[in-house]
Amino acid sequence: MKGLRNKYNLLIMLSNTSIRYRFTSNESFSTIPFQESSKLHANTQMAPFESNQSRIFEPIRLEKKSDSFENGGSYDEFAVDVEKVYRILRKFHSRAPKLELALKESGVVVRSGLTERVLNRCGDAGNLGYSFFVWASKQPGYRHSYDVYKSMIKILGKMRQFGAVWALIEEMRRENPQLITPEVFIVLMRRFASARMVKKAVEVLDEMPKYGCEPDEYVFGCLLDALSKNGSVKEAASLFEDMRERFTPTIKHFTSLLYGWCKVGKLMEAKFVLVQMRKSGFEPDIVVYNNLLNGYAVAGKMADAFDLLQEMRRKGCDPNATSFTIVIQALCAQEKMEEAMRVFMDMKRSECEADVVTYTTLISGFCKWGKIEKGYELLDSMIQLGYTPNQTTYLNILLAHEKKEELEECIELVKEMQKIGCNPDLNVYNTVIRLSFKLGEVKEGVGVWHEMEANGLSPGIDSYIIMIHGFLEQECLVEACEYFKEMVEKGLLSAPQYGVLKDLLNSLLRADKLEMSKDVWNCIMMKGCELNVFAWTIWIQALFAKGHVKEACSYCLEMMDAGLMPQPDTFAKLMKGLKKLYNRQIAAEITEKVRKMAEERQMTFKMYKRRGERDLKEKAKEKIEGRKRRSRRRQWGSNRNREKFTNILKGDHF
């Protein structure tokens, strides 16, 4: 700690003025990573806030760096090969024969450690990683390691390709049975739990003995933890009661349940778990108390939170930095900054040393409520005390400036981050890209994107959505299509991203780019994306809304050939459009197919048709009412202006 303090005291001595004004105009620009704020023991999290800026962002320039090995650092033997493989995967992954040939001719030797690095480099683009995984498995003299299998299971689970996960585990059993460990199944449990597939998660527990792994209290605890953290605490509690005879309860089991109940705001249930814990012979530790403390804080029951702090002291379990930070964070969320500072001072008086998370929480609170100067004071203070600010610390101030459209201050702050070695991640790049497009600086946004990739980061789904929306806002339709296709090719399109699909198709059709919109849809179909009825509905209704009724009907027939039945209002809309076109042939063909599908689903065609007409009328009514509401808002202005006008009428302005 003394060394850190000397380091940062030297940094401050070298500075001419305060942190905000320590930069020169010719310094290269870098950005910081947005991470989840350092997780408190009770899993609390600080939320960032969106903002805008109003100055040109210059593309980042890469600085030529000397070889790390020459400077005494560790030599990275994989870096060059990882980038080479990643570029090949991006270029040829949709053409399997060319991909295999390109990888073969690349000169890259598949070896232990390389495959895992490539999978990490591919990030959210799971299809790219899987392509290399399959190719690597065919190379002579190479066998996948445990870490590679585990990484691949995580990636496939994240993509919700659970069938492929089980197939991979079967492959492990056949070829590398010694690699099957309980940890592999824990990864799978967590993925099922995060997808809210509770039954499937529990089934993993039952399937483990078939693969030579007997679940124990630790594995069962991981399952309870996964379910509790992902909103399925009720099911976790029920499972805990059912399995008490099979798995002896541990303090971890109780802690997971207590955390889960606190997370969903069920404090009575959390207290009941605490009672059960004590009956089973376990006294609550600091983690248990912090979880309960967080439950009170999130629920806004600050009096109970302060009482619990006193109880902890009485029980001999002194509050730690996390305990105080939980309370401070809750007060910051309520804009009670003076009280938050009092708790901070109480923390110091208790001889409990604040950490980076505590300072970051306070800085976040002050910045959130527009008190940036106070945030800077705390930042200076923590540096003087020898604490190293992390990316989140700076990000809170950065976003506060962004919210005020103070781009110059943002750039200066990012330069300061670069000085102390904060490296940008996807979320930070995303912030800068979003701002660049919002200000109309398309070239700068694209430049940041290329810089992001040059720095070894693989763009995720959020990055693509920001880019596509940015291009659409600036009416760069060709570029929006290119990035959307790239996103699809990487296997990143799924139901949660249908919003960007809808925006893109509607923008293309509004601009009379019918062929371009068809090209986008064909790309989705060719890549084998799993499309549900909602995706088809977006496409069909977009075509219909822009007057392309025949094309809409054609795709409706194609959808039904794929076994998907159109939504009732979609059918009613198409029939209405065909009636105006006097096209009875297509109407009859669609109607006949719908009749058959209705029979298969044990519903009457008459009911289906009536429901469609009703839904169509209700949507039209909602549309008219929405226009009226918007018109009234434009007429009367915002709520604040309305209150001001009311006060004037009452004479309160005197």
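**A helix pair and its surroundings**

Author: In this predicted model, helix H14 (residues 286-298) packs against helix H15 (residues 302-314) at an angle of about 160°, and their axes are 8 Å apart. Angles over 145 degrees count as roughly antiparallel, and H14 and H15 are therefore roughly antiparallel to each other. The crossing in which H14 passes H15 is left-handed.

On the H14 side, the residues in contact are Ile286, Tyr289, Asn290, Leu292, Leu293, Tyr296 and Ala297. They meet Met302, Asp304, Ala305, Leu308, Leu309, Glu311 and Met312 of H15. By class, this contact of H14 with H15 has 11 nonpolar, 1 polar and 2 charged residues.

Valine 264 sits in the loop between H12 and helix H13 (267-279). With a relative accessible area of 40%, valine 264 is partly exposed.

H12 itself (residues 251-263) holds histidine 253. That histidine has a relative accessibility of 0%, so histidine 253 counts as buried. Leaving aside residues up to four places away in sequence, histidine 253 touches Glu217, Phe220, Gly221, Leu224, Phe240 and Thr248.

The axes of helix H27 (residues 514-526) and helix H28 (residues 533-545) come within 12 Å and cross at roughly 170°. H27 and H28 are therefore roughly antiparallel to each other, and their crossing is left-handed. From H27, Leu514, Ser517, Lys518, Trp521 and Met525 take part in the contact, and they meet Ala535, Trp536, Trp539 and Leu543 in H28. The residues of this contact divide into 7 nonpolar, 1 polar and 1 charged.

The other pair is H29 with H30. Here the axes of helix H29 (residues 549-561) and helix H30 (residues 568-581) come within 10 Å, with a crossing angle of roughly 135°. H29 and H30 are therefore oblique to each other. H29 passes H30 in a left-handed crossing. Val549, Lys550, Ala552, Cys553 and Cys556 are the H29 residues in the contact, where they meet Leu574, Gly577, Leu578 and Leu581 of H30. Sorted by class, the contact of H29 with H30 has 7 nonpolar residues, 1 polar and 1 charged.

The loops between helices also deserve a look. Most residues other than glycine have a negative phi. Arginine 196 has a phi near 60°, a positive value in a residue other than glycine. This arginine is found in the loop between helix H8 (182-194) and helix H9 (198-207). Its relative accessibility is 52%, so arginine 196 counts as exposed.

Glutamate 475 likewise has a positive phi, of about 60°, although it is not a glycine. The loop that holds glutamate 475 runs between helix H24 (461-473) and helix H25 (477-489). Glutamate 475 is exposed, with a relative accessible area of 68%.

At 10% relative accessibility, leucine 493 counts as buried. Leucine 493 and methionine 159 are 334 residues apart along the chain, yet their C-alpha atoms are separated by 9.9 Å.

As for the whole chain, the protein has 33 helices and 0 strands. Of its 654 residues, 49% count as buried. Among contacts between residues at least 6 apart in sequence, 69% join residues at least 24 apart. The protein exposes about 34000 Å², and carbon and sulfur atoms supply 50% of that area.

To return to the part in question, H14 and H15 are roughly antiparallel, and 11 nonpolar residues belong to their contact.

Conventions: Residues numbered from 1 in each chain as written. Predicted model: local features only at pLDDT ≥ 70, side-chain atom pairs only at ≥ 80, totals over all residues. Heavy atoms only, no water. Axes fitted to C-alpha atoms, helices over the stretch in contact; angles between N-to-C directions. Helix = DSSP H or I, 4+ residues; strand = E, 2+ residues; numbered from the N terminus. Parallel < 35°, antiparallel > 145°, perpendicular 65-115°, else oblique. Left-handed = near helix turned anticlockwise from the far one by under 90°. Contact = heavy atoms within 4.5 Å. Nonpolar A, V, L, I, M, F, W, Y, C, P; charged D, E, K, R; others polar. Buried < 20%, exposed > 50% of the residue type's maximum accessible area, 1.4 Å probe, protein only. Areas by Shrake-Rupley, 256 points an atom, 1.4 Å probe, with all protein chains shown as cover.
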